[in-house]
Amino acid sequence: MRTSKMRVALAALAVSALIAAAGCVQVEIPMPETTSDSDSIGSGGASELVASIEMGAGRLTVAGGASGAMDADYDFTDTDWRPEVRYDVNDGEGRLSVRTPSEPRFSLSGRMRYDWRIALSNEMPIDLSVTMGAGETDLDLGSLDLRRLQVTLGAGDATIDLVGDAQHDLVADITAGAGAVTLRVPSDVGVRVVGYQDGLGSYRADGFAQDGNALVNDAYEDADVRFEITLRRGLGDVTIETVE
(Lines give C-alpha, C1' and ligand atoms only; values in the text may rest on other atoms or scores of the structure.)
Protein backbone atom coordinates (compact mmCIF):
# COMPACT_ATOMS: atom_id res chain seq x y z
CA MET A 1 0.00 0.00 0.00
CA ARG A 2 2.83 2.33 0.95
CA THR A 3 4.66 1.51 -2.31
CA SER A 4 1.56 2.28 -4.34
CA LYS A 5 1.08 5.64 -2.63
CA MET A 6 4.75 6.48 -3.14
CA ARG A 7 4.50 5.71 -6.85
CA VAL A 8 1.49 8.00 -7.14
CA ALA A 9 3.33 10.76 -5.30
CA LEU A 10 6.43 10.40 -7.46
CA ALA A 11 4.30 10.43 -10.60
CA ALA A 12 2.59 13.61 -9.45
CA LEU A 13 5.95 15.21 -8.74
CA ALA A 14 7.22 14.21 -12.16
CA VAL A 15 4.18 15.71 -13.90
CA SER A 16 4.58 18.90 -11.87
CA ALA A 17 8.26 19.11 -12.81
CA LEU A 18 7.44 18.65 -16.50
CA ILE A 19 4.79 21.37 -16.39
CA ALA A 20 7.17 23.74 -14.63
CA ALA A 21 9.93 22.97 -17.09
CA ALA A 22 7.60 23.48 -20.03
CA GLY A 23 6.75 26.91 -18.68
CA CYS A 24 10.43 27.85 -18.83
CA VAL A 25 11.00 26.68 -22.38
CA GLN A 26 10.90 29.37 -25.05
CA VAL A 27 9.62 28.04 -28.34
CA GLU A 28 10.74 30.01 -31.39
CA ILE A 29 8.24 29.98 -34.27
CA PRO A 30 10.04 30.87 -37.49
CA MET A 31 8.70 33.81 -39.49
CA PRO A 32 7.36 32.66 -42.87
CA GLU A 33 9.15 33.96 -45.94
CA THR A 34 8.04 37.50 -46.76
CA THR A 35 7.32 38.86 -50.22
CA SER A 36 7.87 42.57 -50.91
CA ASP A 37 6.25 44.45 -53.77
CA SER A 38 5.43 48.03 -54.75
CA ASP A 39 3.30 50.29 -56.96
CA SER A 40 4.02 53.72 -58.41
CA ILE A 41 1.05 55.37 -60.11
CA GLY A 42 1.29 58.67 -61.95
CA SER A 43 -1.48 61.24 -61.86
CA GLY A 44 -2.57 60.43 -65.42
CA GLY A 45 -3.55 64.05 -65.92
CA ALA A 46 -5.90 64.15 -62.91
CA SER A 47 -6.31 67.43 -61.04
CA GLU A 48 -8.04 65.90 -58.02
CA LEU A 49 -8.02 62.50 -56.34
CA VAL A 50 -10.64 60.25 -54.75
CA ALA A 51 -8.83 57.48 -52.90
CA SER A 52 -10.22 54.39 -51.19
CA ILE A 53 -8.00 52.12 -49.06
CA GLU A 54 -9.45 48.92 -47.60
CA MET A 55 -7.31 46.55 -45.53
CA GLY A 56 -8.65 43.41 -43.90
CA ALA A 57 -6.02 42.98 -41.20
CA GLY A 58 -2.42 43.99 -40.66
CA ARG A 59 -0.48 47.22 -40.37
CA LEU A 60 -1.37 50.25 -42.48
CA THR A 61 0.59 53.48 -42.89
CA VAL A 62 -0.69 56.33 -45.07
CA ALA A 63 1.19 59.60 -45.63
CA GLY A 64 1.94 62.20 -48.27
CA GLY A 65 4.92 62.64 -50.56
CA ALA A 66 4.03 60.53 -53.61
CA SER A 67 5.66 61.48 -56.89
CA GLY A 68 2.32 60.95 -58.66
CA ALA A 69 -1.06 59.82 -57.42
CA MET A 70 0.42 57.04 -55.23
CA ASP A 71 3.65 55.33 -54.29
CA ALA A 72 3.23 52.18 -52.18
CA ASP A 73 5.32 49.39 -50.68
CA TYR A 74 3.89 46.13 -49.38
CA ASP A 75 5.22 43.20 -47.34
CA PHE A 76 3.18 40.01 -47.09
CA THR A 77 3.70 36.35 -46.24
CA ASP A 78 1.52 34.86 -48.98
CA THR A 79 1.65 35.79 -52.65
CA ASP A 80 -2.17 35.75 -52.78
CA TRP A 81 -2.22 38.71 -50.37
CA ARG A 82 -0.90 41.27 -52.84
CA PRO A 83 -3.31 44.23 -52.71
CA GLU A 84 -5.69 44.78 -55.60
CA VAL A 85 -4.94 48.22 -57.04
CA ARG A 86 -6.98 50.16 -59.56
CA TYR A 87 -6.64 53.69 -60.88
CA ASP A 88 -8.82 55.47 -63.45
CA VAL A 89 -9.05 59.08 -64.58
CA ASN A 90 -12.28 60.64 -65.83
CA ASP A 91 -12.81 64.36 -66.52
CA GLY A 92 -9.78 65.29 -64.44
CA GLU A 93 -10.77 63.17 -61.44
CA GLY A 94 -8.46 60.32 -60.50
CA ARG A 95 -10.08 57.40 -58.70
CA LEU A 96 -7.73 55.16 -56.75
CA SER A 97 -8.66 51.88 -55.03
CA VAL A 98 -6.28 49.77 -52.92
CA ARG A 99 -7.84 46.79 -51.21
CA THR A 100 -7.16 43.41 -49.70
CA PRO A 101 -7.92 40.62 -52.22
CA SER A 102 -11.52 39.42 -52.10
CA GLU A 103 -10.62 35.96 -50.81
CA PRO A 104 -7.16 36.04 -49.20
CA ARG A 105 -5.93 32.77 -47.72
CA PHE A 106 -5.15 33.92 -44.19
CA SER A 107 -3.62 31.12 -42.13
CA LEU A 108 -3.57 30.78 -38.35
CA SER A 109 -0.42 28.67 -38.41
CA GLY A 110 2.89 30.42 -37.77
CA ARG A 111 3.16 34.20 -37.86
CA MET A 112 1.88 36.40 -40.64
CA ARG A 113 3.10 39.77 -41.90
CA TYR A 114 0.89 42.13 -43.82
CA ASP A 115 2.21 45.71 -44.03
CA TRP A 116 1.16 48.47 -46.41
CA ARG A 117 3.05 51.78 -46.61
CA ILE A 118 1.13 54.12 -48.91
CA ALA A 119 2.11 57.64 -49.96
CA LEU A 120 -0.44 59.88 -51.70
CA SER A 121 -0.01 63.09 -53.68
CA ASN A 122 0.50 66.39 -51.89
CA GLU A 123 -0.37 68.27 -55.08
CA MET A 124 -4.03 67.34 -55.64
CA PRO A 125 -7.15 67.95 -53.54
CA ILE A 126 -8.07 64.58 -52.01
CA ASP A 127 -11.19 62.85 -50.77
CA LEU A 128 -9.87 59.90 -48.75
CA SER A 129 -11.66 56.84 -47.39
CA VAL A 130 -9.82 54.34 -45.18
CA THR A 131 -11.30 51.08 -43.89
CA MET A 132 -9.28 48.84 -41.55
CA GLY A 133 -10.68 45.55 -40.27
CA ALA A 134 -8.17 44.74 -37.53
CA GLY A 135 -4.65 45.90 -36.82
CA GLU A 136 -2.51 48.99 -36.41
CA THR A 137 -3.31 52.13 -38.37
CA ASP A 138 -1.07 55.19 -38.75
CA LEU A 139 -2.49 58.01 -40.89
CA ASP A 140 -0.04 60.92 -41.22
CA LEU A 141 -2.20 63.21 -43.34
CA GLY A 142 -1.06 66.73 -42.47
CA SER A 143 0.77 67.31 -45.76
CA LEU A 144 -2.21 66.27 -47.91
CA ASP A 145 -4.73 68.70 -49.39
CA LEU A 146 -7.61 66.88 -47.76
CA ARG A 147 -11.19 68.00 -48.37
CA ARG A 148 -13.08 64.99 -47.01
CA LEU A 149 -11.92 62.12 -44.83
CA GLN A 150 -13.78 58.96 -43.84
CA VAL A 151 -12.11 56.42 -41.56
CA THR A 152 -13.75 53.18 -40.41
CA LEU A 153 -11.81 51.06 -37.91
CA GLY A 154 -12.80 47.61 -36.68
CA ALA A 155 -10.36 46.57 -33.95
CA GLY A 156 -6.92 47.86 -33.09
CA ASP A 157 -5.12 51.08 -32.26
CA ALA A 158 -4.99 54.05 -34.61
CA THR A 159 -3.23 57.41 -34.89
CA ILE A 160 -4.70 60.05 -37.20
CA ASP A 161 -2.46 63.09 -37.61
CA LEU A 162 -3.96 66.16 -39.31
CA VAL A 163 -1.24 68.61 -38.26
CA GLY A 164 0.05 70.62 -41.21
CA ASP A 165 -0.41 73.84 -43.17
CA ALA A 166 -4.14 73.50 -43.81
CA GLN A 167 -5.48 75.84 -46.51
CA HIS A 168 -9.01 74.46 -46.87
CA ASP A 169 -11.87 73.31 -44.68
CA LEU A 170 -12.09 69.61 -43.89
CA VAL A 171 -15.07 67.38 -43.13
CA ALA A 172 -14.04 64.14 -41.41
CA ASP A 173 -16.06 61.15 -40.21
CA ILE A 174 -14.17 58.68 -38.01
CA THR A 175 -15.74 55.54 -36.56
CA ALA A 176 -13.79 53.11 -34.36
CA GLY A 177 -15.08 49.75 -33.14
CA ALA A 178 -12.66 48.68 -30.42
CA GLY A 179 -9.24 50.09 -29.61
CA ALA A 180 -7.43 53.31 -28.74
CA VAL A 181 -7.63 56.27 -31.14
CA THR A 182 -5.31 59.29 -31.06
CA LEU A 183 -6.29 62.29 -33.18
CA ARG A 184 -3.78 65.12 -33.62
CA VAL A 185 -5.02 68.53 -34.82
CA PRO A 186 -3.28 71.90 -35.40
CA SER A 187 -3.86 74.70 -32.92
CA ASP A 188 -4.25 77.41 -35.60
CA VAL A 189 -7.24 75.76 -37.29
CA GLY A 190 -10.79 75.91 -35.95
CA VAL A 191 -11.77 72.39 -34.89
CA ARG A 192 -15.22 71.16 -33.90
CA VAL A 193 -15.70 67.54 -32.79
CA VAL A 194 -18.95 65.67 -32.19
CA GLY A 195 -19.52 62.10 -31.06
CA TYR A 196 -17.78 62.16 -27.71
CA GLN A 197 -20.96 61.00 -25.93
CA ASP A 198 -21.05 57.68 -27.82
CA GLY A 199 -19.38 54.43 -26.78
CA LEU A 200 -17.48 53.28 -23.72
CA GLY A 201 -14.08 54.44 -22.56
CA SER A 202 -12.34 57.73 -21.85
CA TYR A 203 -12.59 60.66 -24.28
CA ARG A 204 -9.92 63.28 -23.63
CA ALA A 205 -9.63 66.45 -25.72
CA ASP A 206 -6.79 68.77 -24.69
CA GLY A 207 -7.45 72.46 -25.40
CA PHE A 208 -11.18 71.94 -26.13
CA ALA A 209 -14.32 73.22 -24.42
CA GLN A 210 -17.84 71.84 -24.53
CA ASP A 211 -20.28 73.66 -26.80
CA GLY A 212 -23.68 71.94 -26.69
CA ASN A 213 -23.16 68.44 -28.03
CA ALA A 214 -19.77 69.34 -29.48
CA LEU A 215 -16.22 70.08 -28.42
CA VAL A 216 -14.55 73.16 -29.92
CA ASN A 217 -11.05 74.56 -29.66
CA ASP A 218 -10.10 78.16 -28.92
CA ALA A 219 -9.50 79.00 -32.59
CA TYR A 220 -12.87 77.81 -33.85
CA GLU A 221 -14.95 80.99 -33.62
CA ASP A 222 -12.63 83.26 -35.64
CA ALA A 223 -10.79 80.72 -37.80
CA ASP A 224 -10.57 81.06 -41.58
CA VAL A 225 -10.06 77.29 -41.92
CA ARG A 226 -12.18 74.82 -40.00
CA PHE A 227 -12.19 71.08 -39.41
CA GLU A 228 -15.65 69.60 -38.79
CA ILE A 229 -14.99 66.17 -37.29
CA THR A 230 -17.28 63.38 -36.16
CA LEU A 231 -15.34 60.92 -34.01
CA ARG A 232 -17.24 58.01 -32.50
CA ARG A 233 -16.00 54.81 -30.88
CA GLY A 234 -17.65 51.65 -29.64
CA LEU A 235 -15.19 50.57 -26.95
CA GLY A 236 -11.85 52.20 -26.27
CA ASP A 237 -10.06 55.40 -25.35
CA VAL A 238 -9.97 58.52 -27.51
CA THR A 239 -7.31 61.21 -27.17
CA ILE A 240 -7.40 64.47 -29.14
CA GLU A 241 -4.09 66.29 -29.04
CA THR A 242 -3.65 69.93 -30.04
CA VAL A 243 -0.26 70.63 -31.62
CA GLU A 244 1.27 74.11 -31.88
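1. A word on terms before the details: a residue is buried at under 20% relative accessible area, exposed at over 50%, and partly exposed in between, using a 1.4 Å probe and protein chains only. This is a predicted model, with local features needing pLDDT of at least 70, side-chain atom pairs counting only at pLDDT 80 or more, and totals for chains, interfaces and linings using all residues. Residues are numbered from 1 along each chain as its sequence is written, and side-chain values use heavy atoms, with hydrogens and water left out.

2. Have a look at strand 15 (residues 214–217); strands here are DSSP runs (E, at least two residues), numbered from the N terminus. Ala214 and Val216 are buried on one side, Leu215 and Asn217 on the other, so both faces are covered. In a regular strand, side chains alternate between the two faces of the sheet.

3. Strand 15 has antiparallel partners (two strands pair if DSSP finds at least two bridges between them). Strand 14 (residues 208–211) is joined to strand 15 by four bridges, and strand 12 (residues 190–194) by three. Val216 is a handy landmark: Ala209 stands opposite Val216, and Arg192 has Val216 as its bridge partner. The hairpin of strands 14 and 15 has two residues between the strands, and Gly212 takes a positive phi near 65° there.

4. Beyond its neighbours within four places in sequence, Leu128 is in contact (heavy atoms within 4.5 Å) with Ala51, Ile53 and Arg148, among others.

5. Now the charges. The whole structure holds 14 salt bridges, each a side-chain nitrogen of Lys or Arg within 4 Å of a carboxyl oxygen of Asp or Glu. In one of them, Glu241 pairs with Arg184, with the closest N and O atoms 3.4 Å apart. That pair links distant parts of the chain, strand 17 (residues 238–243) and strand 11 (residues 181–186), 57 residues apart. Glu241 counts as partly exposed because its relative accessibility is 28%, and Arg184 is partly exposed at 25%.

6. Asp198 and Arg232 also form a salt bridge, at 2.6 Å between the closest N and O atoms. Asp198 lies in the loop between strands 12 and 13, and Arg232 in strand 16 (residues 226–235).
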